[in-house]
Amino acid sequence: MRTHYPRTPHLPWSPGAAADDVRAADLSGLAGREVVVTEKLDGENTTLYRDGLHARSLDSGHHPSRAWVKGLQGRIGPLIPEGRRVCGENLYARHSLAYTDLESWFYGFSVWDGEHCLDWDATTAFLDRLGIPAPRVLWRGTFDERALRKLPLDPARQEGYVVRTVAGFDRAAFGRHVAKWVRGGHVQTDTHWMYAAVVENGLGATAPLWAVRSGAEPDPAGLLEAVGLPAQDLTPRAAERVAEAAGRLGSLGRSGDTRLAGVLAALLHDRRRAALAARLAAGPLGMPVARRVADLVGLSTRLHRPYPDEDRRAGLVRMAAAADPGVLHAVAAATAPDAEAAEQCAWSLLHTEEAGLLGPDPLAPLRDGLRAALAGAAPEVADRCWAEAREAYARGRIGTVEEAVAATWRLREGGFPQLVQLVGPSGSGKSTFGRALPADAVVALDDLRAARGSRADQRANADVLREGLDRLDAALAAASGGRGGTTGGPGGGPGGTVVWDATSLTGPQRSLVRSVAARRDALVTQVVVLVEEDELVRRNRSRAHPVPAEVLAGQLRRFVPPYAGQEAHRTWYVGAAGTVEDTAGGPVGRRGARTGQEA
């Protein structure tokens, strides 16, 4: 059923309200509620359905400015469930404002399920999956008229703003939950835009990313520029990889950030994984998509090599903790260097499908069922139980939620110590991050070297490491059972926390620490710090104890970040700002960072 979008009332202080406009005389529906304020865009109100679209009028006919959005609907329509509709702004044609830096020619601002408008966070999550951007958020918080009146706006570039409750609402209550502020004289042309020549609004540098998210054919050169890499780096082979990966992802029905990650992994497959993750995280992608691209680059090469069939299912389950298995195989097939590698990838794909792991998040039923059974448990306990259940599932020891609950019963009492293992090159901010944690003990190899005479003296590294591991073992033993712990104890919480502060650049280096943690039955959290090389070099120059340039360069060459779900119970990813920007093995991260699937 087709439904026109309701008329949005003007806020009492909106200068752009005309005589025939609806005004919001009563703001009680907003008062005291959490609201989100988004930029009002100057386009044509348009509603997309599974099987078609229309402008504000249900009988809107053809217009040249609607051709592009019809193509968008054709791509994403199959992803819109029956009964749902996406309302947004068609910005292809210039109206009163000239846009030059749009992410797309269509922005979504609400999603409806029948007569109910979804809450804002569910709306943006659904739009993300379709590959549709939402208007820029200008403010979010409990409704405050004074704050809204003070919002800085540029009337020459912005038409106004829309305020709505974060919570969802029914259509009958629309006028009490949504209102707008529009600049005065917002229509500033003599001829209505529909009767004038169509002038395209301009797209910005990130538009190729959104085009891929929404299912459009990738523009490899545009994608390189969008992530801050020179278009001249594009090779014919990379363009071929992109085209093949996009075709395979299309057949799998992948969209949004999942599709984008696969396409970018095919495009950037010849890049070094650690450097790629740091570079992409610093750009418009953000950490969650950046680390998934990098992990797809690294893991896909494993599918090119022979693998023992008896161990294959366990390996595939572990990979599924870091990457969408379908996307992983699409990237591997598109980047296979020869016929033998392609054959190995095809064989792996058959095993993946047979094991029921080809979906976008094949571990979700087990994970979500276990988390529901552990409702009320401390987050660390829930994360530890999920990690143990995931590994038991990989080994074929359990297959159902009930079996996962039974297999993790001993951990629900808590009391186990926690190890936080910092991972990253010198100057990345590991120690600063570690010092901010509520830890009971910190084992820092630099401090042990300093106690021997010099932080820079690497000659006694073997002895320093041995001493550090002994201290770690003693600290975890003391933290066990919550003795002196800062984060809980027996009866539902974990024990104390110990931080291991060293570069831990490679798997073998990290494995020594994990062995100690396993002996003490500790929850292991790896904190992976990803910072671009140029920034590391700059920071190193200003450090109180800089490392020689050649040492830092050697660290960057050796750095192999751990994959999610393969070396630790959970992983936190920290960017140049020193904050956690993505997680794996625990709850999905904050909105605002595109998280994709949870490991």
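This is a predicted model: local features need pLDDT of at least 70, side-chain atom pairs count only at pLDDT 80 or more; totals for chains, interfaces and linings use all residues.
How do the axes of helix α11 (residues 309–320) and helix α13 (residues 339–354) cross? They come within 10 Å of each other and cross at roughly 70°. Axes here are lines fitted to C-alpha atoms, for helices over the stretch in contact, with angles running from 0 to 180 degrees between N-to-C directions.

Residues are numbered from 1 along each chain as its sequence is written, and side-chain values use heavy atoms, with hydrogens and water left out.

**The α11 and α13 pair**

Two packed helices are described by the angle between their axes and the distance between the axes. α11 and α13 are therefore roughly perpendicular to each other; angles of 65 to 115 degrees get that name, whereas under 35 is roughly parallel, over 145 roughly antiparallel and the rest oblique. On the α11 side, Asp 309, Arg 312 and Leu 316 take part, and they meet Gln 344, Trp 347, Ser 348, His 351 and Thr 352 of α13. Contact means heavy atoms within 4.5 Å. Sorted by class, this contact has two nonpolar, four polar and two charged residues. Ala, Val, Leu, Ile, Met, Phe, Trp, Tyr, Cys and Pro count as nonpolar, Asp, Glu, Lys and Arg as charged, and the others, Gly among them, as polar.

**Aromatic rings**

The structure holds eight aromatic pairs. Rings of Phe, Tyr and Trp (its six-membered ring) pair if their centres lie within 6.5 Å; planes under 30 degrees apart are stacked, over 60 edge-to-face and the rest tilted. In one of these pairs, Tyr 5 and Phe 109 have ring centres 5.3 Å apart and planes at 65°, so they meet edge-to-face. Tyr 5 lies in the segment before β1 (34–40) and Phe 109 in strand β5 (residues 106–113), so the pair ties together parts that are 104 residues apart in sequence. Tyr 5 and Phe 109 are both buried, a word used for under 20% relative accessible area, with exposed for over 50% and partly exposed in between (1.4 Å probe, protein chains only).

Trp 68 and Trp 105 also pair edge-to-face, because their ring centres are 5.5 Å apart and their planes stand at 80°. This pair links distant parts of the chain, with Trp 68 in helix α1 (residues 67–76) and Trp 105 in the loop between β4 (84–90) and β5, 37 residues apart. Trp 68 is partly exposed at 25% relative accessibility, while Trp 105 is buried at 11%.

Ring pairs also link Tyr 5, Phe 109, Trp 112, Phe 169 and Phe 174 into a cluster.

Two arginines sit over rings: the charged end of Arg 2 is 4.3 Å from the ring centre of Tyr 49, and Arg 384 lies over the face of Phe 416 at 5.0 Å from the ring centre. The cut-off for this arrangement is NZ of Lys or CZ of Arg within 6 Å of the ring centre and within 35 degrees of the ring normal.

**Some individual residues**

Gln 73 is found in helix α1. Thr 571 is in strand β15 (residues 570–574). Leaving aside neighbours within four places in sequence, the contacts of Thr 571 include Gln 526, Val 528 and Asp 582. Glu 44 belongs to strand β2 (residues 44–49).

| Residue | Relative accessibility | Class |
|---|---|---|
| Glu 44 | 10% | buried |
| Gln 73 | 11% | buried |
| Ser 504 | 5% | buried |
| Asp 521 | 29% | partly exposed |
| Thr 571 | 0% | buried |

Most residues other than glycine have a negative phi. Ser 504, in the loop between β13 (497–501) and α20 (507–519), has a positive phi near 50°. Asp 521, in the loop between α20 and β14 (523–529), has a positive phi near 55°.

Lastly, helix α22 (residues 549–558) has Leu 552, Gly 554, Gln 555 and Leu 556 buried, and what covers the buried residues of α22 includes α21 (533–542).

Definitions and conventions: Helices (H or I, at least four residues) and strands (E, at least two) are DSSP runs, numbered from the N terminus.
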